[in-house]
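Let's take a walk through the aromatic rings of this protein.

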Amino acid sequence: MYLEHFRFKELPFTLTPNLSFFCHLKGHEEALKTLLFSLRSGEGFIKIVGEVGAGKTLLCRKLLDSLDVDYVTAYIPNPDLNPIELRRAFARELGIDPALLHDQHELLTHINNQLLHLHASGKRVVLLLDEAQALPLESIEALRLLTNLETETTKLLQVVLFGQPELDERLNHLSLRQLKQRISFSFYLPTLSRDELDTYLFHRLSTAGYTYGTLFTKKARDILFKSSTGIPRLVNILCHKALLVAYGRGDAIITHKTIRIAIKDTEATMSHASKATLISVITGIALLIGLILAFYIYEGII
């Protein structure tokens, strides 16, 4: 690959959520602070929503890494589970073997007893669900019922939902109004701004061992931002492909021409960029029509 060519210690733009590449950008920092504050406050439900590829899974991993020994965490990365499967998955995370239990009532009893035991030991239990937009409606309701487990003063379980914007649509369902009322903190994870893109690139490159100046030209970064619309996953894909192209050509830097080749090879980015362009065109047309109408009204023509 291009490791030796660019003198990297490791690949800088992989899609695997690697904590060493976590970049302390404003949006991600605010999201992490919101999560930590909410959990310390003992709130029941917390929701983090962001676009596909905005960095929700990496944020989730960062949260898991940031919690101290006072917390017991249960992590479910793929919650496309019916209520029975969801309870069993949660039980396994708590160290309970569902196969040894006869029915759901017995399973819930063991879960409750384990939560009470952990609470008595001074532990806080946090259930984190990634890709929460995949939760069936009945499973979301089952999740709400799990959070009903409490002492006279304290919730025995806190839940953090990480999901795409479709999660908000799902939670607007009439049958989930009780759960929606229990969401104490919500945060929308933003995409990268133009300045943050530079910070993001330099951070990942330096973490990978590149300390030899600017690898991406300014024009390349400008095009990269426009094409990726600031979505970290798309940035990673395009940068990885651009590095491959540069390596194949024997280039030492990434120019705008190299980025354009990477964009052309990336269908997801092209469709995303086309969508952004279409929105811009529609907005421009609407603004032009508005100006024309204003002129006619001012001249008394209409």
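What follows is a short tour of ring pairs, with a look at how buried some of their members are. Keep in mind that the model is predicted.

How many aromatic pairs does a search of the whole structure find? The answer is seven. A pair of aromatic rings is described by the distance of the centres and the angle of the planes.

Start with Phe 13 and Phe 216. Their ring centres are 6.3 Å apart and the planes meet at 80°, and since an angle over 60 degrees counts as edge-to-face, this pair is edge-to-face. Distant parts of the chain are linked here: Phe 13 belongs to the loop between α1 (3-6) and α2 (26-40), while Phe 216 sits in the loop between α9 (194-207) and α10 (218-228), 203 residues apart. Phe 13 and Phe 216 are both buried.

Now turn to Phe 37 and Phe 185. With centres 5.8 Å apart and planes at 85°, this pair is edge-to-face as well. It also links distant parts of the chain, with Phe 37 in helix α2 and Phe 185 in strand β5 (residues 183-189), 148 residues apart.

Our last stop is a cluster. Ring pairs join Tyr 2, Phe 6, Phe 8, Tyr 210 and Tyr 212. At Tyr 212 there is a charge to look for: Arg 7 lies over the face of this ring, 3.7 Å from its centre.

How values were computed
Residues numbered from 1 in each chain as written. Predicted model: local features only at pLDDT ≥ 70, side-chain atom pairs only at ≥ 80, totals over all residues. Heavy atoms only, no water. Phe/Tyr/Trp six-rings, centres within 6.5 Å; stacked < 30°, edge-to-face > 60°. Helix = DSSP H or I, 4+ residues; strand = E, 2+ residues; numbered from the N terminus. Buried < 20%, exposed > 50% of the residue type's maximum accessible area, 1.4 Å probe, protein only. Lys NZ or Arg CZ within 6 Å of the ring centre and 35° of its normal.
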